[in-house]
Amino acid sequence: LTDGNIQLLRVTNVRGTAPNFTAADTCRSAAGALSTCLSLGIHIRGGGTFVWKRVVAADPRRPNRLMAVDRQDRVVKTSRDGGAHWDRDDNLTNLVLGFNPATAQSDFVFDRGDANRNSFVSAIAFDPAVDNRIFVGTEANGIFVSANDGVTWIKIPNSERIPIVTSFDFDEVRGEIYVASYGRGLWSLRVPSPGRPDRFEENNR
């Protein structure tokens, strides 16, 4: 949940008469000091008139499992305790940016460097039907998927044909994943057979 200050909040006691709201982007050090450990990334389109969303996702199977873009540290981060602690995912960040360790250069930049710090990672989603599967969409480098809760990632072949991914939707009955893009229509990803996470097909519908 985010408020007008682009803050990530944790909500507890949602079924009670008085839900509790606490910061999920502020961490406490071993000495007890509080500090901001996540500056929630945003993705804006159409000058803010079409899309203005926070790039963050929660695992529907394990709500304390979070993934978000940190625009201050310019990296994707994950949390396994509802935002009490955040860990950098430099491997995923380097992969989506096309980082070449030999030249120490990337094909893409993490954000535009403007006042809004528009994130290159534009969408994150946990698959509600398949445990430990996560999808990450980008502006111009396609879609990346992990089948083991973020331990390793692969790029979906030819997914760069889907530019500026804005969201994912999962059809558990038909076994398809729908991908919305900004200005390039709605696409579908066919879920691969077990044991072949690299076998994806994409169709512009």
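Here is a walk through the structure above, from the whole chain down to single residues.

First, some ground rules: this is a predicted model, in which local features need pLDDT of at least 70, side-chain atom pairs count only at pLDDT 80 or more, and totals for chains, interfaces and linings use all residues. Residues are numbered from 1 along each chain as its sequence is written, and side-chain values use heavy atoms, with hydrogens and water left out.

Let's start with the whole chain. You'll find one helix and 20 strands in it; these are DSSP runs (H or I with at least four residues for helices, E with at least two for strands), numbered from the N terminus. Of the chain's 205 residues, 42% count as buried, where buried means under 20% relative accessible area, exposed over 50%, and partly exposed in between, with a 1.4 Å probe and protein chains only.

Now for helix α1, which covers residues 90-97 and has Leu92, Thr93, Val96 and Leu97 as its buried residues. Look down the axis of α1 and these buried residues fall within an arc of 125°, so they line one face of the helix. That arc is taken from the directions from the helix axis to the C-beta atoms. After α1 comes glycine 98, with a positive phi near 65°.

The C-alpha atoms of valine 75 and threonine 93 are 5.8 Å apart, although 18 residues separate the two along the chain. Valine 75 sits in strand β9 (residues 75-79), and it counts as buried because its relative accessibility is 1%. Leaving out residues up to four places away in sequence, valine 75 touches Ala68, Val69, Asp70, Arg88, Asp89, Asp90, Thr93 and Phe110. Contact here means heavy atoms within 4.5 Å.

Next stop: aspartate 171, in strand β17 (residues 165-171). Its side chain reaches the backbone nitrogen of valine 173 at 3.1 Å. Again leaving out residues up to four places away in sequence, aspartate 171 touches Glu176 and Tyr178.

Finally, what about open space? The largest pocket holds about 250 Å³. Of its 13 lining residues, Leu9, Arg10, Val11, Pro63 and Leu66 are the closest to its centre. A pocket is an open set of points on a 1 Å grid over the protein atoms alone, where a 1.4 Å probe fits, with protein on both sides within 12 Å along at least five of seven lines; lining residues have an atom within 4 Å of a point. Strand β1 (residues 9-12) gives the largest share of this lining, three residues.

How values were computed. Grid points are joined across faces, edges and corners, and a volume is the space filled by probe spheres set on the points. A polar contact is a pair of N or O atoms within 3.5 Å; within protein, one must be able to donate a hydrogen and the other to accept it, and residues adjacent in sequence count only if both atoms are side-chain atoms.
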